[in-house]
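Dear colleague,

I am handing over the structure below, and my notes on what was found in it follow. Please read them with the model open beside you.

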Amino acid sequence: MAQDPKFTAREITQIGWYAARMAKRGIAGENVHLGDLQKKVDRIIDGARERDAQQAAEQAEAEGRPQGPRQERQDPQVAVPRGGRPLAKERRPPRALPTRLSARAGVLSMTDNVVPLFKDPTTGTYTMPGDTPSGSAPAPVLDAVRRVRVWRRSGRGLRAVVTHERTRTAARLVARHGMYVIGGTRVTARRTWEGRTASRYERMIRAAEAGGNFEEAKEWEDRLTRYRAARHQRRMDLLKAPQDAVKSAGYAIGLTTGGLLLLGIVLAIGTKDPSWILAPLATVIAAINWIVMVGTVVWGPAVTVGPWLVLLALWGVGRRQQAAPQWTLSAKERDTAGAPITPSVVVTALRDLGIAPLRGAIKEMGDAGAAMLGPIRIAGCGVEVDVTLPSGVSTAEVQGRRRKLAENLARHEHEVFITLPTAARTVRLWIADSGALDEPIGPSPLTTDDTLKADYKSGRAPWGQDLRGDAALISLYQRMLLITGLSNQGKTAALRALALWLALDRTVEFRIADLKGVGDWDMFDGLATTLIQGPTDEHVIDATEMLEAGVAEMERRIQAPPGTTFPPLVLVVDEAQVAFMCPAVGDDKRPYGGSKATSRYFMAARKIHNQGRAVDVLLWEGTQDPTDQNLPKLVREGAHTRISLALGTESQARMALGDKAVDGGAAPHLLRQGLDKGTVVVASDGIKIPAGQASITVRTHYIDTDTAAVIADRAKALRSGITTAHTVADADEHDPLADILTVLGTDTRVLTQEVLKRLAALNGKAYGRWSFIDLKRVLDGTGAEPYKSDGRMVIGRDRITRALTNRNEGSASAAER
């Protein structure tokens, strides 16, 4: 085996430095690249080998030994060493060595694979280099096949040792506990320094000034003044301390000695033995002697063990303060996902947010930014904390870095919400427990409580839960409603849940147009007076006429005598964007869709938004993927309750909720499409919103279609005789007597006021403005005139049926004539 070359001190230092760097990289991980350092070590070792070979060649020339001529090249694939069998050529060609080699060392040219010979001028024969005429043993020759170098094997072994998991674990362990001691020393030294100086007060003054709290800074300055005055007094007292100590020591010795002698005299008198006079004093001297002896014995071990105890104490302080760097921790400790939220975690996340004024202010604060934080409160499935930002940092800057803040807190973006409370220059952070928002919430009270009733005026719908885990209750009284979001995010289910709750109030009338038409609202058949389902232009025309009938009912109510009360009328249009984008044009050349003043649907919606609330005629609309074309500005701004599910962009969020809500922290565009189904952001005065916020995030209860049908059956049981119309009849084509029989349904008799309401729902154009006088006029002379029952005017079904039969028979007789 070839020997290692001789290295200079510089080369040894370089190799050691590169080996140390390789070891450090190996601790960092198995996949860390080490090739660049290995190449540098290779170049140093190759240079040393070439230098040795050059020196050997020069020494041979100086001694007068000629170099043998090269032999002709043999088979390039096979190298034949002298006296041995052919060896296969290595796969990797060896590095070329210098051409001038030492004959004495027997170094051959590995590049040419030849055996160099030279001719002896005295004998005329060819001999090997280094052979002597006396026939002495030839010098050893290296094998033609290059063997693995010692340094390469050593490097591979070193790399294997350094990159082994046990080595990395041991290195982290040593570094971690060493840093615990260093960190504990630093913390203890800082505490000692602050306890002996005024640095703590100065730090708090700087923190208060950086946070803009000048009143607190003044208070700390007053404390600093009092501390300095007390410290000065203590120092003045120390100047007199030696004199006082001498006096005190003299007094103590005199009193102690006198007391012991007095005690001895008493003992001597009692025992009649004068030797007892000095007995107490001798006993004290003996006790002092024993104390000295014990101290002498203990002092040696104490001196030996004491430093280790101090080291252990410093280690404990550093461990409690987590003074070790992150890379020294074990894999389990380095995994911070789901870690508890502490003040230091929040301050570190804010410091690394990339806002230079905020980072600088935290560095200047003596308490490392803790003064910015309010108390961390448990809020539902997470925690909540208010952060008072230092001067020069705006709340908008923090809101704009929500994703980075969430990552700094070891959370996903959807698990961190930033809102603005009432306090100035303050942001409120709500941080969810890791993975908590992915867990479903409980079932709706509508499904668990069969006795639940609704109250349109004073009740609140149990719609879901807010992020704090509290029940989200929303009032629907005299509020227009708009809900929007991307497709397949739970918009219809959320809107239907509100309608199902309100349907449990028997006084509420529903007229529904589902412009998707896949059966999501089938359960309202027999519950709503109008139910239109379908996506075609004809269905849009029916939905428009339904709204126009609602406008007629609204105007009738407005013109009623003052003090007249009316039952609530809720007009529901799901997938309203279909109506706004409808290209159909009526006979009067007015388009049904669009957002101009000539659009029939748009103008009907605007009229209801303007005046419907006062007479309890409400419009609920559900749309998807809002734009200015499919959701005009005047319509979306007319809604009192604006709700948004997941959206694609911030501009859509502003369309859905308004600029105020989005500027205040509402971010439906940051909800995860497909993962946050049913999660809505609500901007309304009908739901309890924390002070200072403009919106609230709610996770709604999901009610499937089958369960919704069961709840609808409970609502139907509260009503009777409702006939659902699936189209809106033309005002010019109606038969009042037949329509009255239709609205009576299966009831034996119905109050006249109820008949008028059902007629208006059946055909608003024809009967929307009817009063009792119109109803009496139609029935006079038919034998089915209204009559009193239990003191109230009613219309009997049997009388209407008989009147229709007589009319039809009379018509048939006239036709026969």
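Predicted model: local features only at pLDDT ≥ 70, side-chain atom pairs only at ≥ 80, totals over all residues.

**A salt bridge and its surroundings**

Asp676 forms a salt bridge with Arg672, and the closest N and O atoms of the pair are 3.0 Å apart.

The C-alpha atom of Asp676 is separated by 7.3 Å from that of Ala646, although the two residues are 30 residues apart along the chain. Ala646 has its place in the loop between β16 (641-644) and α20 (650-657), and with a relative accessible area of 1% Ala646 is buried. Leaving aside residues up to four places away in sequence, Ala646 touches Gly485, Leu486, Gln489, Pro668, Leu671, Gln673 and Thr679.

**The chain as a whole**

The protein chain contains 27 helices and 21 strands, and buried residues make up 41% of its 817 residues. Of the contacts in the chain with a separation of 6 or more, 65% are accounted for by residues 24 or more positions apart. The accessible surface of the chain comes to about 44,200 Å², and 56% of that surface belongs to carbon and sulfur atoms.

**Other charged pairs**

Side chains of opposite charge can pair when their charged atoms come close. How many salt bridges does the structure hold? The count is 33, and besides the pair described above I would draw your attention to the following.

The side chains of Arg200 and Glu194 meet in a salt bridge with an N to O distance of 3.8 Å. Arg200 counts as partly exposed because its relative accessibility is 38%, whereas Glu194, with a relative accessible area of 12%, is buried.

A further salt bridge joins the side chains of Glu754 and Lys757, at 3.5 Å from N to O. These two residues are three residues apart in helix α24 (residues 752-762), so Glu754 and Lys757 are separated by about one helical turn. Glu754 is partly exposed at a relative accessible area of 25%, and Lys757, at 21% relative accessibility, also counts as partly exposed.

Salt bridges also link Lys491, Lys516, Asp520, Asp574 and Glu575 in a network.

Helix α22 (residues 705-717) has 13 residues, and its reach of 18 Å from the first C-alpha to the last is close to the 18 Å expected at 1.5 Å a residue. Which residues of α22 are buried? They are Ala708, Ile711, Ala712, Arg714 and Ala715. Because these residues cover an arc of only 155° around the axis, they fall on the same side of α22. The cover over the buried residues of α22 includes α14 (445-448) and α15 (491-503). On the other side of the helix, Asp706, Val710 and Ala717 are exposed.

Gly318 is found in helix α8 (residues 279-320), and at 0% relative accessibility Gly318 counts as buried. Its C-alpha atom is separated by 7.5 Å from that of Thr185, a residue 133 residues apart from Gly318 along the chain. When residues up to four places away in sequence are not counted, Gly318 touches Tyr180, Gly183, Gly184 and Ala323.

**Two residues with positive phi**

Most residues other than glycine have a negative phi, and most peptide bonds are trans. Gln478 has a positive phi, near 50°, and is found in the loop between β10 (471-474) and β11 (481-485). Asp790 likewise has a positive phi, near 55°, and has its place in the loop between β20 (787-789) and β21 (792-796).

Are these two residues buried or exposed? Gln478 counts as buried, its relative accessibility being 15%, whereas Asp790, at 76% relative accessibility, counts as exposed.

Technical notes:
Residues numbered from 1 in each chain as written. Heavy atoms only, no water. Helix = DSSP H or I, 4+ residues; strand = E, 2+ residues; numbered from the N terminus. Expected span 1.5 Å × (residues − 1). Buried < 20%, exposed > 50% of the residue type's maximum accessible area, 1.4 Å probe, protein only. Arc of directions from axis to C-beta. Contact = heavy atoms within 4.5 Å. Salt bridge = Lys/Arg side-chain N within 4 Å of Asp/Glu carboxyl O. Areas by Shrake-Rupley, 256 points an atom, 1.4 Å probe, with all protein chains shown as cover.
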